[in-house]
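This report is meant to be read beside the sequence and the 3D structure. Please look at both before going on.

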Amino acid sequence: QEGLCIHLYSRERHEKMDEHMRPEILRSDIADVCLHSISLLRHAGRSGTVHKFLAMSPSPPDDASVDDGLRLLERVGAVVQCTGGHELTILGVHMSLLPVGLHLAKIMVWAAFFGVADAVVTMVAALQYREPFHGGLGQQSALRSIKAIKQELSEGHASDLLALVGAYREWSASSDKPKVCERLRLNPGAMHRWQAGRNRLHDELRSSGILSAASWDRANRNGSSVALVAAAICAGMYPNLASSNGSKGLLLHQGNLMAKPSYSSVVSGTGASGGELYSFAEVTQVEETYSVSQLTQISPLMPLLLCGEAPLLVEPDHGASSGISGVADEWWKRELATGGAPAAMMRARLEDGPEVYRVEHSVLLAICHLRKLTRAAFQAFCATPAQEHPPVVATVEALLKKDYVAQSHSQVCTRGGEGSCAAPLPGTHDAPRRGAVKPAGKGRAHGRGYGKAGGKW
């Protein structure tokens, strides 16, 4: 509403304030700055490194920050090193054309690949603005009410982002929008801004070449599939992964920090048993406390199949965290040739990440093969979005859907069926359940096992 807003500051805080606002280049995400700098150099046909290009700005970022930004771009597959600097990958070209942050741009590309583009565009548009839910400032009762509404909108799935999609779906489908806003505590002005932003993102997807009018139906062939939306979120948000430590909160895999879900998150106060995996969008710090927002629960299969540019590393599981010694592609070919040991448990992790997963030998063989084929199909999609997907994409989509359902049920029931029961890792309170894949980071289990009873594998 219109009016005069007066902010009061203590003298101590006022003395610590900068005299002028910092330049935008220093306030922006350094990875985004590096991405668009490389894009500008590419379009201008100029040679030179990002460091030299940014050094010409009136307020250049320091070299260490630029190095960090470039490392993140390499990690998410947006750039590769070349003689004399860095080049955009075909994925990086698409990401540079989308007017959203680095991770959100990658989520949108993966969403188009998995056929859930419209749902993800709705979600990404919401993240460009302040959250549309509103309540009394600092009122705990209002925050509890908003959390309950989000849990209703997410339809039982532990995802703040799916709650946003549900809110927009209800608002857009209603003929009485003011009534929906009142019931769901939505800000009417925010909803109209959200709708306009969503329409703009649709146009940007088409102008970037990722989608066309002819391919729109194929980009939404899976509707709002919760599992595939979560898979796109996981692939795009990586390396932003966290695992539940029960009542202690969330362990952020990058930096090994302990954090709490934001109070209004659907994950907050759910009594997670420990081991659940999440993707997240943002970490904030207030004094010594870290808070994580925009959480989405994922299954352990998603990072193994979709995340990271580096290969998987594997080793036999001997019940303790030892060095991962083998590259998965080489191990996979060798094991297929020799027959391997189908009952053995293996450990696998991404070369550029700390997450360690315990995986049945036979299942890991399938994961290595599917990871290689999926990544090749995704690269082909980025190069030629209009071409038909190879059959393996439908196989992976079906597997991710089935695994996500199993992930949801594994928290409340023990899955039966054949399979070896592994001994608990150090730090666990019970033996892992029968099954195939379980996260096991830093020498202790972060999650529960998965069985083969439902024909999941």
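Predicted model: local features only at pLDDT ≥ 70, side-chain atom pairs only at ≥ 80, totals over all residues.

Residues are numbered from 1 along each chain as its sequence is written, and side-chain values use heavy atoms, with hydrogens and water left out.

**The largest pocket**

The largest pocket has a volume of about 1,500 Å³. A pocket here is an open set of points on a 1 Å grid over the protein atoms alone, where a 1.4 Å probe fits, with protein on both sides within 12 Å along at least five of seven lines; lining residues have an atom within 4 Å of a point. The volume is the space filled by probe spheres set on the points, which are joined across faces, edges and corners.

The lining consists of 43 residues, and Tyr129, Glu131, Glu282, Ser293 and Gln294 lie nearest the centre of the pocket. Two or more lining residues come from each of the elements α5 (63-75), α7 (102-114), α9 (140-153), α10 (160-173), α12 (188-207), β7 (282-286) and β8 (289-293). Helices (H or I, at least four residues) and strands (E, at least two) are DSSP runs, numbered from the N terminus. By residue class, the lining has 17 nonpolar, 16 polar and 10 charged members; Ala, Val, Leu, Ile, Met, Phe, Trp, Tyr, Cys and Pro count as nonpolar, Asp, Glu, Lys and Arg as charged, and the others, Gly among them, as polar.

**Salt bridges**

Side chains of opposite charge can pair when their charged atoms come close. A salt bridge is counted when a side-chain nitrogen of Lys or Arg is within 4 Å of a carboxyl oxygen of Asp or Glu. The count comes to 8 salt bridges, among them the pairs in this table.

| Pair | N to O distance |
|---|---|
| Glutamate 12 and lysine 16 | 3.7 Å |
| Aspartate 68 and arginine 71 | 2.4 Å |
| Glutamate 131 and lysine 150 | 2.8 Å |

Glutamate 12 and lysine 16 are about one helical turn apart, because 4 residues separate their positions in helix α1. Both are exposed; exposed means over 50% relative accessible area, buried under 20%, and partly exposed in between (1.4 Å probe, protein chains only). Aspartate 68 and arginine 71 are 3 residues apart in helix α5, so about one helical turn separates them too. Aspartate 68 is partly exposed, at 43% relative accessibility.

What does the bridge between glutamate 131 and lysine 150 tie together? Glutamate 131 is in the loop between α8 (117-126) and α9, while lysine 150 is in helix α9, so the pair ties together parts 19 residues apart in sequence. Glutamate 131 is partly exposed at 32%, and lysine 150 is buried at 2%.

**Backbone**

Tyrosine 238 and proline 239 are joined by a cis peptide bond, with omega about 15°. Proline 239 is in the loop between α14 (226-237) and β3 (241-244).

Glutamate 155, in the loop between α9 and α10, has a positive phi near 55° without being a glycine. Arginine 185, also not a glycine, has a positive phi of about 55° and lies in the loop between α11 (177-184) and α12. Glutamate 155 is exposed at 59%, and arginine 185 is partly exposed at 28%.
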